[in-house]
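My notes follow in the order I took them.

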Amino acid sequence: MTKAKRYSPYTMLFHLINLVRNAFFFVIYLYVIMAGSESAFIKYGRMAFWIIVGLTLFSIIYKWVTHKYELDDQSFHLYKGLFSKTEQTIPFSKIKNINRHTSFLHRIFKRTSIHFEIAMTGENANIKFEVLSKTEAEQIEAHIKRATDEELDGWNHPSHDPNDEEAHPRDPAQERTIHFQPTKRDILKASATSLSFLVLIPLIGSFYFKINDLFHVEDTTEGLINKLASSWWIVAVIIIVLIVASTIFGLIRTYVKYGKYEIASDANHIYINRGVIDETAFSIAKDKVQAIEIEQSMIKRLLGLAEVKLTSAGGLRSGEEALEKNTLYPFLPVNKAYEMISDMLPSYTITTEMTRLPTKSLWLRILRPSWFWLLATGALFYFKPAIFNIEQSWIIVSAALLVYLLIARLFDFFHTRYAINDHFIQFKTGAFTTSLFVSKREKVIKAKITRNVLQKRLGLASIETTNRGNPVRHSGIDDVPVELAHLFLQWYRGREDDITVEKQPYSGETCS
């Protein structure tokens, strides 16, 4: 067991830098832009600003002094508090995902951060070391993985003796198999598919409006724009320059984000490394993967690409960051994606032989009323907007919207398929963007069947599965034959033969 110690002193420095960065615009506004103001609002605003800065500085120092941690062979022990002390114990078995992030600021000071995501809710859902040396991060991560791997080996091989490996310890890095690293061609495809080249123009527009708010340059630029627009060849040159600059910007942006991407795995974990400037290293335990999802937009289908996502039982945070971490790589070649899943998760099986919906499902989908279209048509009829000075244009808009909905339902019908075998269930749904969902029976925690009046008359039903995750993952198909729905329930009841119950070490906290 290690000795309890405080977090790195660099943590205070990083928090101080963040404080300065966040306070910068308030200083500019209060002491530069409003330098000569004598209003009470500005006067009290300056006082409140310095009070908040002082309290934040005190909080930074207080947290560093009162927060400590230590590790033993099985758990984290976290301590906090000065007068009322709290001790929290979190077993390594509760850790589902490990995420390392090295920002530009971390790289300047040769530091990194590591974040352990826990299968718990609330404030105990994660353990984060915001700043620590790379050596210490590697030691903590190796210590935890060694303990969890020995536990897994103990479950899989009860007679396994960890002392047998003391003379020849395993090096996890040497056992990793690299499955994917993007080539230059992959970066070009990613740039085209992500449409990142279109980001430059909105950025220029946003920058212009911010400058205009501060310095009121609109009158000057309006005259310049009128002069430039009067010459067709200048306009052509500007358009060409914008196209070239947008393309270069898109390629650079894609390379910075995906240029050093790497997907690897060992016996128990999947590893994702990415980032050129801000580096992120993410690992997920294979046994915590609840489901696999393969998404394809229309552009990706044309280019033969797919996005593979993993649904994890860990405490992944919501938002774009969680979405990116849960994605193996957004622009994988389809064949490579299937091959990679087979190599990394051999316990999962993806079949290409799937069953389509019956024809009566198509008629039900076409005839099912669309409340969105009815409400939109009602609004168009009430306001009757004259688009392009066409008096009856609202009828055209309503008809176009109806045609779009019918085409989407038609595509969704032809794309929707399903497959159920002894241990797996597989759904494919979607109209313009398709999603292939695969899960093992032992990972499904709930099965649900619903039927409305029309479905009962046509002998159809809707089925749905629920998997653990954050948020909980619901997947299913509408308008399947009722016979399949009954088979689906029988299939789920067989889950009792697949699952085993493990005793988890105690996780809790004590106060004194």
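I began with glutamate 141, which counts as buried because its relative accessibility is 11%, under the 20% cut-off. The model is a predicted one. I then looked up arginine 100, which is also counted as buried, at 16% relative accessibility. Glutamate 141 and arginine 100 form a salt bridge, with 3.6 Å between the closest N and O atoms. Glutamate 141 is in helix H4 (residues 134-156) and arginine 100 in strand S5, so I noted a link between distant parts of the chain, 41 residues apart.

**Salt bridges around aspartate 479**

I searched the whole structure and found twelve salt bridges. In one of them, arginine 365 meets aspartate 479, the closest N and O atoms being 3.1 Å apart. Arginine 365 belongs to helix H13 (residues 359-367) and aspartate 479 to strand S21 (residues 473-481), so this pair ties together parts 114 residues apart in sequence. I checked burial and found both arginine 365 and aspartate 479 buried.

Aspartate 479 also has a salt bridge with arginine 368, at 2.9 Å from N to O. Arginine 368 lies in the loop between H13 and helix H14 (371-383), so its pair with aspartate 479 in strand S21 ties together parts 111 residues apart in sequence. How exposed is arginine 368? Arginine 368 is partly exposed, with a relative accessible area of 26%, while aspartate 479 is buried at 0% relative accessibility. I recorded one network, in which salt bridges with shared partners join Arg365, Arg368, Asp412 and Asp479.

**Aromatic rings**

I counted 27 aromatic pairs in the structure. Phenylalanine 76 and phenylalanine 92 make an edge-to-face pair, 5.5 Å centre to centre with 85 degrees between the planes. One aromatic cluster is formed by Tyr7, Tyr69, Phe76, Phe92, Phe116 and Phe129.

I also looked for charges over rings. The charged end of arginine 176 sits over the ring of tyrosine 271, 3.6 Å from its centre.

**An open sheet**

I traced seven strands in an open, antiparallel sheet, ordered S14-S13-S12-S18-S17-S16-S15. Strand S14 (332-333) and strand S15 (355-356) are the edge strands, each pairing on one side only. S15 pairs with strand S16 (residues 417-420) over two bridges, and arginine 356 has arginine 417 as its bridge partner in S16. Helix H17 (residues 482-493) lies across S16 and strand S17 (424-429), at about 40 degrees to S16.

Conventions. Residues are numbered from 1 along each chain as its sequence is written. This is a predicted model: local features need pLDDT of at least 70, side-chain atom pairs count only at pLDDT 80 or more; totals for chains, interfaces and linings use all residues. Side-chain values use heavy atoms; hydrogens and water are left out. Rings of Phe, Tyr and Trp (its six-membered ring) pair if their centres lie within 6.5 Å; planes under 30 degrees apart count as stacked, over 60 as edge-to-face and the rest as tilted. A charge sits over a ring if NZ of Lys or CZ of Arg is within 6 Å of the ring centre and within 35 degrees of the ring normal. Two strands pair if DSSP finds at least two bridges between them. Helices (H or I, at least four residues) and strands (E, at least two) are DSSP runs, numbered from the N terminus. Contact means heavy atoms within 4.5 Å. Axes are lines fitted to C-alpha atoms, for helices over the stretch in contact, and angles run from 0 to 180 degrees between N-to-C directions. A salt bridge is a side-chain nitrogen of Lys or Arg within 4 Å of a carboxyl oxygen of Asp or Glu. Buried means under 20% relative accessible area, exposed over 50%, partly exposed in between (1.4 Å probe, protein chains only).
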